[in-house]
Structures are given as structure tokens and as C-alpha cells.
There are 2 protein chains.
Amino acid sequence: MRVYVINTGTELLLGNVVNTHLTFIARELFPLGLRIERQLTVPDGSAIQESLAEVFENADLIFVTGGLGPTTDDITREAAAELLGLRLRPDREVAESIRLRLRTRGFPMTDRILRQADVPEGAVVLPNANGTAPGLYLKKDGGGVMHHLFLLPGPPRELEPMFRRCVLPILHQINKGKSALACRTFRIACVGESVVEAAVGMKLLALPEVELGYCARPGEVDVRVLGPSPALEEAERIIRGAFPKQLYTTGDEDLEDVIVRLLRDQKKTVAIAESCTGGYLAHRLTNVPGASAAFRAGYITYANETKAAALGVEPSEIQEHGAVSRLVATRMAEGARREAKADYALATTGIAGPGGGSAEKPLGTVYIALASADAETTVQRSRFQTDRKSFKQLATETALELLRERLLATTRAAA
Amino acid sequence: MRVYVINTGTELLLGNVVNTHLTFIARELFPLGLRIERQLTVPDGSAIQESLAEVFENADLIFVTGGLGPTTDDITREAAAELLGLRLRPDREVAESIRLRLRTRGFPMTDRILRQADVPEGAVVLPNANGTAPGLYLKKDGGGVMHHLFLLPGPPRELEPMFRRCVLPILHQINKGKSALACRTFRIACVGESVVEAAVGMKLLALPEVELGYCARPGEVDVRVLGPSPALEEAERIIRGAFPKQLYTTGDEDLEDVIVRLLRDQKKTVAIAESCTGGYLAHRLTNVPGASAAFRAGYITYANETKAAALGVEPSEIQEHGAVSRLVATRMAEGARREAKADYALATTGIAGPGGGSAEKPLGTVYIALASADAETTVQRSRFQTDRKSFKQLATETALELLRERLLATTRAAA
């Protein structure tokens, strides 16, 4: 299947908005074995019609995003109808749902808004749970070759749920009869992409009918494997064999999700003491819905005096060892655990930059400590030579991974 | 000038990487009065040549990203040379700089890597400060119309500095003789995009030769105005007139940058007490280089007992008023200020969701308090009905804006 994506919107070409639709659609299509052959971005207005006409004959599956709204340069609906020789008709059901949506929000109805209820003859309406403009699905037999056309709204918060709820079932239908492939994402923490690829890449590609996709973020790599179910089982054995500890999920979870889940399962709590990561570690954990059952408190002790006041770190120890030191990291973690009455505590102290650092403790050095009731406090020294924000990302990733491995060891010991 | 961007890279079409080049290039071109007419993404390999051949005749300015690396499907250089009928020749200077780069990193040189030193005859080499593959600039006279072609490396950390250092000067040269336009970005906090557009959009567009770009994030809007200098002055008067308080910068600063700058200028410090924003407020402030001169400490008191232990909030007050209340927000801010010995303190307490809320304090309710030495503590109640992460974004934006307006008032009073 030749798949094309056309993203419409002058704001994309002005640089006002980053195009996240391509990534989103590509990832949703991957498990179906569908690959995007080409993507283009065109401005609002007549270019929509031109580009659609250009690609239509060459594509089996076309996704157009944007241009379904109420303003005069939103002409995707009209362009598609004209290209396919279909008349637009007001759809009563769509009009009714737009009216309802506006009424509950107290907005007045206008003719312009009502344009969004115009539907080309024969189109399937894809309801929009988060906006007024519905999506549309059209198909045309091009002499034995069926062309499928999906018109989708521009805002990601409208497009994404619509894609999952309405588009995927249709794609499964279109794709029926193709060999059933499955997709699994393996998420690996604290290992570089090239290391992951070198360790498992060739072995995975040697599996029958397997396709691979990598996605790297600072401190993390996702390996997405598409293939028949037995091959996926084998892929999991290969990846788990190479990264028995660092493979943290095969599901759709972030590292912080896994940690909150493990803590809640074990009915344990955590506290955080941060210096160089400045609240980012707490931020990540509290991003997880339900975190309040596991997260007790965070202490961002940037100024040295507050390390003493909030966490009971002795000023003389800071004086002697330096704020960025194994001992201060230990004291911070233990202090946070004690103050917050938590089962576990993580602490970070380091030099995020751009300034600071010495020969002994160069820029990017960080000490990460983990304190708990049942074991001695452990401290890990790392160095991340990068910009300030990536430093925070890498340091928090390392801290979370330290805690996750401890929580897993506890689970295993209990089993 | 008709401007085209071709982004090459199978990883973009697999959804492994978000395309940030389009946004970057569009924003860099905006001040030159150049607009991108169309962008396409194609996979590595032969599609590069096809797409280049397709667009070449229709474009005055083409940017191709990616495909300059050492692997076999990196063929942008060859495709461009063939299209323009140019021979590739090894460039001694480029080869030398690649050798030097590898040597200092301890990597061995290979034939594959050395391919990157092949340069089409007559091309201008654009040095790569952050990688091995240089960029290339080629031009061809197409019967009175000059076609300009820039080949740029795929990784953003290589492309972006190269663009600013090497490409922009060439573009200024190409663009010479055009009327000199300037560009200014006006950043406005805590106002919606539609409100901004309604208040100033028509007035700005009525200015001579002015073009507008909007960029909205939760709680913020950027208005980018391009035009002759006198029109920009007038634009600033219009925007400042409509949003005298909320216009927080006309430079390239985030709200948190402005606050750290104001605090440092006034030699003042801040502390943070967070409940519902869970560390995000501290994270934003500590993202600013040099924040340690102004940021004292943060207390993320998620569990109610820690509000008492760390900040001295009376348990009976929490009992009586609820943790999400005007009084508890006040006590948290005052406690943080006292504990951290800071000049100012911000506190947040609210219901981020997805669970929680009541008739009196529905989901999304948040109290934000600002304590200081010289004034009574002020508390603002807001409601943000959105997802958990956007809630944190909006609540921290409101808190930062509260502090910024106070700091400005202090500056004005002192002046």
C-alpha cells in the first residue's frame, strides 16, 4: 500500500507549530505493517487542492490533516469533494452535534461554523469528541485500484483520539487478509542507541518477517519490533538477554509510570531531595496520575543552608566534602526519607552547568543516592557532559532507574 | 522567492523522530521575508533524487536536510551533483578536517567516512562544527532564473549552528536589495491566542508592509511581527497598549528567564512550595542558567503531613479548610519564605486530576499564593479544566506571572 500524508496549515510553514502528526500517524500505522512513502506540507488555501490532485492517483491511502475548520481558507472538505466529483450536503446529525457542543459551552452558532456539517455524498463521518469539525472517510475506485482518503482535523487533541477510535478500525478492515503481524515496544533505560543497536540489531533483523524501529531520547531507547507473534516472543528473549536489567517495559509506560506502579503495588512510598535536578525528578513522578499514593514529598535544596535546614545535612560536612559529594548525596537522601517518613528516598547533587566544575569534580558530575529502610544507602557517581536541560533529563533518568532496579530486586526477593 | 524544503530520512516517516527542521528553518527565514511554499519528507535512497528533480525547476531556493552521512543510503550529495551535471571531487581541506575530528576522538578513518569529503565542482563548502559531513551550497542558472540549493546535515545539533553561521549570510547576500525588514517577537502571558488576535490582529495588519505569525502554548502566546522598523515601533505600542501587564518580553526569553533576571537585578531571592504542580515550578526556574543566585529552595509537600512538617502549616487548618484552600496556600507560601529565608515565595495547591474534586472545589481548581516581606500575602484562585500536564503548565504560568508583576511593580516603585 502506498501511503501519503498531506499536512495542511500555513502555521506549519511559518514555523509557528511543530508538525507532530507525521510521527503520530507513522507510529499508529507501524503495527499494521503500513509505511508512509511520502509526506508533504502545504499552506491553507488552493495548494490543498493542487497537492491532493497531484498525489491522488499514486496513493492507495491518503491522510490529509487540517483545513476542516470554519474559516474561509479551510477548504479541505471542498477540495476533496471536487476532486472526487461529489456534492456536499448538510448532514443533520453532524449539525445537531455541533449545535449541542456550542450550546453547552455558551457559544453562538454562525453560518461559518455550520459549514463544518457539510459532508460529501457517500462519505463516512468520523465523530470528533474534542472539537466541532468531524473527520471524513472517502474512497474511490480508480479502475481496479481503490484509493482511500481520510480527512482529519488539524489540532492533535482532536486528531489523535479520532484516529485511534475511528480510523484504525477502518484500516484494519482495509488491511484484512494481510498476514497478522503484531507490534511490541521494548523500552530500555540508561543505555545508548548505538549500544542497543550493536547488541541486538542484527539478531532481531535475522528473525523471519521482522521490522525494526528505534526511537532514542536522552537516557532512553525504544525498540519497536513488528512481526508475527512467535518472532516477537523470540525478540523479547533476545532483548531481555542483552539488557536483563535495563529493559523496563514492553508496554506503553514511561519509566516514572513503572516506578509509581511498582511503589503502589508494594504499598511503599518515596521522597526526593534534589539539588542539580531542581525539581525535575519530582515533576516526572508527579506527572503520573495517582502519584499521590506513592509520592510523599520533595525537597529542592538549592542553597546550601537549606540542605542543612530542611534535610539536616551538617554544614561542616558540606564545608569539608563540598555540596557535590558522595557524603552530601547520602545525607540528603537519608534526610528526605526521615523528614517525609517515606520508605525510599532519592537524592541528586551535581554540577548542571553551564558554569562551575573543577578538576576533581568537572562540569556534569552528579552524585545520585538511594536510601531505604532495609539496606545501606547507595550512591552512584555519573558524568553527563551536555546542556543544562539534557543534564537534568539524564540525571533523573539514572535516579529513577536506580530506584526501579531496587524495587524489582525487592519484588524478586519477596517472590 | 519560491522556497522548498525537502527533509530526507526514513526515520522521519517511521515516526522515530519528530521533524524539527521545518520549524527551525521557517523561523530563521521569517525575518528575511522568505516563506516556505512547500515541504516534503522522503525516505533515504532513490526518492531523494526523484523529489529533487521534481521540485528543482519550480523553486528559487531549496533546502535539503539529511542524507549526507557515510552510509550507503546517504545519497543527497550524489543526487544533487547528478541533477546539476557536476562531478564529485575529493576536497583536501574537508578530508583533513574529518581526519582531525576523528583523531581527537580516537575513531578510525574508513573509506565510507571519507566519502563525506567529496564535493561537487563549484560548490561552496559549509563547515560542520558538530559533525563530519559538511553542508554544501550550489547554484544553477536556469535560463535567467537562479536556483539556489543548500544541502544540510540531518542532526539538528549540526544543522542549526551551520544554518546560522553559514547559510544566513549567503541568504542575506541573495536577498540583497530587498527592502530591509526587521522582526520582533512579543511574548504575552496568561492570555489566550484568540483574545490576543481579537485585540491586536486587525490593528497590526493595518500597519504598512507588516506580516504576522502567532505561536500559542498553554498559557502563552507569541506574536511575531515582521516589517519595516517604524512599523515595529508602532506594533509595540499597539500590543503594549492592549496588554500593558501581560507583555513580558520583546526578546528571546522565557517567562522564567525574565523572572530570574529581575530577581538577580534586584538582588532578591525566591522559594517555592508546591503541591499540585509537583516540582514543575521549581524545575522551570532552575532550568535558567544562573538560577542558583536567585532560587533558594523548593518544598514539594504532596502528603499533608509534610505540609505541616516542612512548612509549618497547622494540621487543624488543613482539617478545617482543606488542603486545597486559600488559607493553606497562604501558609505554604509564608512557610516556604520563612524556612528558606527568601525574599519571595510562591505556593500552589490544587486538584490536578484526573481524580478528585468536589462541588465546592471542582477538578482543576488551584490556589496560588505569593508571600513577600513588604506586602500582605496575596492568593489567586483559578480553574484549569484540562489534562494533568497542561494543568501543571497553566498553574505554573499563572504563578510565575504573579511574581513577575510584583517584581515589576517593585522596580517601578523604586524608579
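Biologist: Does Cys190(A) count as buried or exposed, and how many C-beta neighbours does it have inside 10 Å?

Modeller: Before the answer, please note that this is a predicted model, in which local features need pLDDT of at least 70 and side-chain atom pairs count only at pLDDT 80 or more, whereas totals for chains, interfaces and linings use all residues. Residues are numbered from 1 along each chain as its sequence is written, and chains are lettered from A and ligands numbered from 1 in the order in which they are written.

Cys190(A) counts as buried, because it has 20 C-beta neighbours inside 10 Å. A residue is called buried if 20 or more other C-beta atoms lie within 10 Å of its own, exposed if 12 or fewer, and partly exposed in between, with the C-beta atoms placed from the backbone. Cys190(A) sits in the loop that links strand S9 (182-189) to helix H8 (193-205) of chain A; helices (H or I, at least four residues) and strands (E, at least two) are DSSP runs, numbered from the N terminus. The phi angle of Cys190(A) is near 60°, a positive value in a residue other than glycine.

Lys267(A), however, counts as exposed, because it has 9 C-beta neighbours inside 10 Å.

Stepping back to the whole of chain A, one finds domain 1 (3-174), domain 2 (182-249) and domain 3 (255-414), with bounds that come from an automatic or database domain assignment. The centres of domain 1 and domain 2 of chain A, taken over C-alpha atoms, are 34 Å apart. Chain A holds 15 helices and 17 strands, its C-alpha trace spans about 80 × 55 × 40 Å along its principal axes, and 47% of its 415 residues count as buried.

With 20 C-beta neighbours inside 10 Å, Gln393(A) counts as buried. Leaving aside neighbours within four places in sequence, Gln393(A) is in contact with Pro218(A) and Gly219(A), contact meaning that the C-beta atoms of two residues, placed from the backbone, lie within 7 Å. By comparison, the C-alpha atoms of Gln393(A) and Pro208(A), which are 185 residues apart along the chain, are separated by 36 Å.

There is also a cis peptide bond to notice in chain A, from Gly353(A) to Pro354(A), with omega near 5°. Pro354(A) lies in the loop between strand S15 (344-350) and strand S16 (365-372) of chain A. In chain B the peptide bond from Gly353(B) to Pro354(B) is likewise cis, with omega near 5°.

Finally, the two chains meet in a contact that takes 49 residues from chain B and 49 residues from chain A. On the side of chain B that touches chain A, strand S14 (residues 295-301) of chain B gives the most, with seven residues. S14 of chain A and S14(B) run antiparallel and are joined by five bridges, and one of the pairs is Ile300(A) with Gly298(B). Chain B can be laid on chain A with an RMSD of 0.5 Å by a turn of 180° and a shift of 0.4 Å along the axis, the superposition being by least squares on the C-alpha atoms of residues with pLDDT of at least 70 in both. The two copies are therefore related as by a two-fold rotation axis. The same surface serves both copies, since 100% of the contact residues of chain B recur in chain A.

Key
Pairing = 2+ DSSP bridges.
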